[in-house]
Number of protein chains: 2
Amino acid sequence: MTDTISNASSDLSPIQTVSVDLGDRSYGIEIGRGLLETAGERIAALRPGARLAVITDETVEKLHLKTLQASLAKAGIDHAVMTIPAGESSKRFSQFERLCDEVLGARLERNDAIVALGGGVVGDLSGFVAAAVRRGMDFIQIPTTLLSQVDSSVGGKTGINSRHGKNLIGAFHQPVLVLADTGILDTLPMRDFRAGYAEVAKYGLLGDEPFFAWLEANWKAVFAGGPERDEAVARSCQSKADVVVADERESGRRALLNLGHTFGHALESAVEYETARLVHGEGVSIGMMLAHEFSERLGLIDGAVVARVEKHLSEVGLPIRMSQIPGQLPPAGTLMDIIAQDKKVSRGNLTFILTRGIGSAFVEKGVEPAVVHDFLVEKLSS
Amino acid sequence: MTDTISNASSDLSPIQTVSVDLGDRSYGIEIGRGLLETAGERIAALRPGARLAVITDETVEKLHLKTLQASLAKAGIDHAVMTIPAGESSKRFSQFERLCDEVLGARLERNDAIVALGGGVVGDLSGFVAAAVRRGMDFIQIPTTLLSQVDSSVGGKTGINSRHGKNLIGAFHQPVLVLADTGILDTLPMRDFRAGYAEVAKYGLLGDEPFFAWLEANWKAVFAGGPERDEAVARSCQSKADVVVADERESGRRALLNLGHTFGHALESAVEYETARLVHGEGVSIGMMLAHEFSERLGLIDGAVVARVEKHLSEVGLPIRMSQIPGQLPPAGTLMDIIAQDKKVSRGNLTFILTRGIGSAFVEKGVEPAVVHDFLVEKLSS
Ligand SMILES: NC(=O)c1ccc[n+]([C@@H]2O[C@H](COP(=O)([O-])OP(=O)(O)OC[C@H]3O[C@@H](n4cnc5c(N)ncnc54)[C@H](O)[C@@H]3O)[C@@H](O)[C@H]2O)c1
Ligand SMILES: NC(=O)c1ccc[n+]([C@@H]2O[C@H](COP(=O)([O-])OP(=O)(O)OC[C@H]3O[C@@H](n4cnc5c(N)ncnc54)[C@H](O)[C@@H]3O)[C@@H](O)[C@H]2O)c1
Ligand SMILES: [Zn+2]
Ligand SMILES: [Zn+2]
């Protein structure tokens with residue numbers, strides 16, 4: 001349910017609320033421009049008297065922490081701030097340990113809350129800290145990247161990386177509140193905004209043709225920051241929330257969210273997560289193209305569908321072909337090895353998210369590795 | 001429900017099963033002498049094809065690992081072994097990190113399982129590892145101390161210590177199976193057995209007068225290792241399971257399990273967790289005495305009840321008075337400060353578990369600190 005309520009302060013856009021219905025762990029995602037300025041009163045209304053540990057990264061701290069602190073001060077909320085270096089490498093044990101210790105050192109108790117102000121890195125790490133300290137503290141997400149607003153802040157997955165792979169240590173821990181200030185995204189570098197947009201487009205492609213058509217018509221305003229951006233974030237959150245509610249612990253339907261991700265992860269791994277060459281959303285964009293082309297190869301869709309996807313992803317500036325990744329890629333055999341090691345693959349056959357048309361993705365468990373291999377050989381040389 | 005099923009192997013005692021009914025996270029606690037020899041077949045029946053990471057400590061490894069490994073080999077279960085140093089100081093971040101990495105390095109997947117073979121230290125640490133790796137793996141407890149069989153292996157609390165206090169970082173993560181081999185306790189040093197017995201007596205004192213009376217009559221056989229030991233473990237597990245099922249996340253009834261623990265923890269902290277002076281169960285024994293004496297002081301029970309508790313705890317060899325702790329104790333004011341910092345205390349008034357008679361403990365939230373202080377002053381000088 002997306003309902004529109006008006007906001008007290010006049011220069012703020014209307015606030016939309018997406019509710020995630022998980023019984024006694026239900027929570028709301030509030031979406032709107034300027035929301036950060038009202039964070040204090042919203043948190044005070046939800047958790048009167050709670051003290052906060054605000055976790056952020058060095059980049060976001062410089063840009064947006066002051067606004068949050070002013071709002072907390074206005075609402076009389078006592079809080080401590082903990083800052084981590086920006087970037088994926090902060091999702092590690094040493095930061096987890098340090099933050100757990102600092103939260104306890106700040107004398108936060110079980111009724112207090114941890115606030116993540118940042119992108120998916122800050123959210124994933126802080127969420128795991130919130131899950132672990134005193135075996136579970138309240139957790140509030142204030143996502144500041146498009147990716148974290150439409151994806152990582154919804155669904156309760158938290159965690160850190162191990163040297164054996166990404167996101168392998170963590171917890172399912174739902175937030176009690178998500179505040180997505182779409183105005184915060186104005187400071188995001190264009191490349192990060194675009195990468196997040198790949199996940200927005202994904203929601204249309206996997207299950208919502210009208211939303212994809214709406215994006216085709218309105219993507220410029222989404223990028224520019226009009227009310228269409230709020231709409232795109234809200235519809236994306238709603239899509240993810242629907243899947244999460246149906247399937248909280250990821251067995252069936254939740255797998256659809258991996259559209260484009262099997263190929264995408266393989267490419268990220270192939271470039272050794274060198275973000276100068278490829279960031280996650282770019283891998284997802286190329287991966288979604290490959291998933292559509294592979295579906296065409298299997299006779300599930302025709303070329304017109306592939307062309308429509310390609311047109312939209314490329315017009316927003318996302319890469320659509322492996323050849324757009326700077327530098328050399330490994331051969332198909334190596335990509336296949338990476339895919340086979342992927343946790344989403346069960347022994348023998350491969351599981352892929354394929355599609356029968358825009359908005360009609362499905363989980364296919366019996367994909368033969370040889371067919372994928374041949375497909376990749378051809379795509380790598382095109 | 002405690003029902004008795006016969007065991008295939010003739011030299012094993014009958015196996016009792018206590019079931020913990022938590023919906024789709026329900027599990028059984030099996031109790032009996034010689035159970036370790038049948039661990040392989042029991043695990044294979046529950047989780048066919050699963051691989052295991054067996055976590056144990058150096059002391060238990062020497063005494064009991066071979067028996068477990070022989071049983072796993074017989075059942076054809078592939079497993080890796082990870083050993084930690086014995087003792088409370090293994091419940092720390094560095095061991096948590098190391099074990100998470102090793103479990104992943106052993107290529108355990110989400111359907112595989114982690115087995116804790118050891119006391120509460122191994123169980124608490126391994127359980128948190130199981131909760132965190134891949135955001136939750138199956139967890140099997142094979143508790144090898146009396147305390148872990150009757151207390152820490154039941155209820156799903158897992159975790160490690162922080163420098164800010166014990167058990168402050170962790171997760172609620174229920175096991176899928178608990179195997180309590182009461183014969184394993186034969187190798188336990190008497191002091192550890194007695195300390196665990198304090199928790200057994202606690203179940204009688206907090207809510208089960210007939211069980212306490214049964215212990216008064218049968219404690220020698222419980223110590224000696226007859227079928228009465230199995231019975232005591234089973235009734236204790238049943239008591240804890242009942243409370244856990246009623247109140248999984250510890251808000252109301254579960255607090256009764258802290259009978260004797262507010263005073264006991266304060267004493268443990270006062271001796272800086274120096275186990276040469278006081279181990280947890282000894283603190284609980286003295287704490288339970290204090291809780292009864294304090295209840296008498298408040299006019300809730302008469303002296304005959306206190307005398308009955310004192311007689312039983314002292315006849316099994318547990319300490320019953322603070323003066324029995326070797327060395328100097330801090331003054332009452334310091335103990336009060338420790339109690340006020342305790343996480344079970346909310347600002348202003350103190351929460352204590354008091355009693356209206358044997359088996360009739362209750363939670364009292366409005367205890368005035370000054371009254372406790374005067375009581376402690378007097379007890380410290382007696
Ligand atoms: N938990 C989940 O379900 C889930 C889902 C998808 C992705 N993820 C995780 O999310 C992470 C990626 O998230 P991300 O893309 O947000 O990365 P990120 O948190 O590293 O943010 C990207 C960069 O943008 C900067 N930044 C953040 N907000 C900004 C703003 N408003 N203005 C300017 N700069 C800003 C950050 O400092 C960082 O340098 C990965 O670790 C991934 O594993 C988690
Ligand atoms: N999770 C919970 O709900 C819960 C409840 C109560 C206590 N605990 C925790 O449990 C821990 C204490 O448990 P514990 O008393 O079992 O301590 P422990 O695990 O340290 O075991 C005590 C000692 O006995 C040794 N030992 C274990 N089994 C043996 C055997 N069969 N024969 C000979 N030696 C053996 C161990 O190596 C150790 O040296 C504490 O960390 C406490 O916080 C947890
Ligand atoms: Zn993604
Ligand atoms: Zn105890």
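Reply: A salt bridge is a side-chain nitrogen of Lys or Arg within 4 Å of a carboxyl oxygen of Asp or Glu. By this rule, 38 salt bridges are counted over all chains. This is a predicted model, in which local features need pLDDT of at least 70 and side-chain atom pairs count only at pLDDT 80 or more, while totals for chains, interfaces and linings use all residues. Residues are numbered from 1 along each chain as its sequence is written, chains are lettered from A, and side-chain values use heavy atoms, with hydrogens and water left out.

Me: Why is the pair A:R42 and A:E30 called a salt bridge?

Reply: The closest N and O atoms of A:R42 and A:E30 are 2.5 Å apart, and the limit is 4 Å, so the pair qualifies. A:R42 lies in helix α1 (residues 39-46) of chain A and A:E30 in strand β3 (residues 27-32) of chain A, so parts that are twelve residues apart in sequence are tied together. Helices (H or I, at least four residues) and strands (E, at least two) are DSSP runs, numbered from the N terminus.

Me: How many residues does each chain give to the contact, and what area is buried?

Reply: Chain B and chain A each contribute 29 residues, where contact means heavy atoms within 4.5 Å. About 2,700 Å² is buried between chain B and chain A, and carbon and sulfur atoms give 53% of that. Buried area is the accessible area (1.4 Å probe) that two parts lose on being put together, summed over both.

Me: Why are α12(B) and α13(B) called oblique to each other?

Reply: The axes of helix α12 (residues 332-341) of chain B and helix α13 (residues 369-380) of chain B cross at roughly 135 degrees and come within 9 Å. Axes are lines fitted to C-alpha atoms, for helices over the stretch in contact, and angles run from 0 to 180 degrees between N-to-C directions. Angles under 35 degrees count as roughly parallel, over 145 as roughly antiparallel, 65 to 115 as roughly perpendicular and the rest as oblique. The two helices are therefore oblique.

Me: Which residues of α12(B) make this contact?

Reply: B:A332, B:G333, B:L335, B:M336 and B:I339 of α12(B) do so, and their partners in α13(B) include B:P369 and B:V372.
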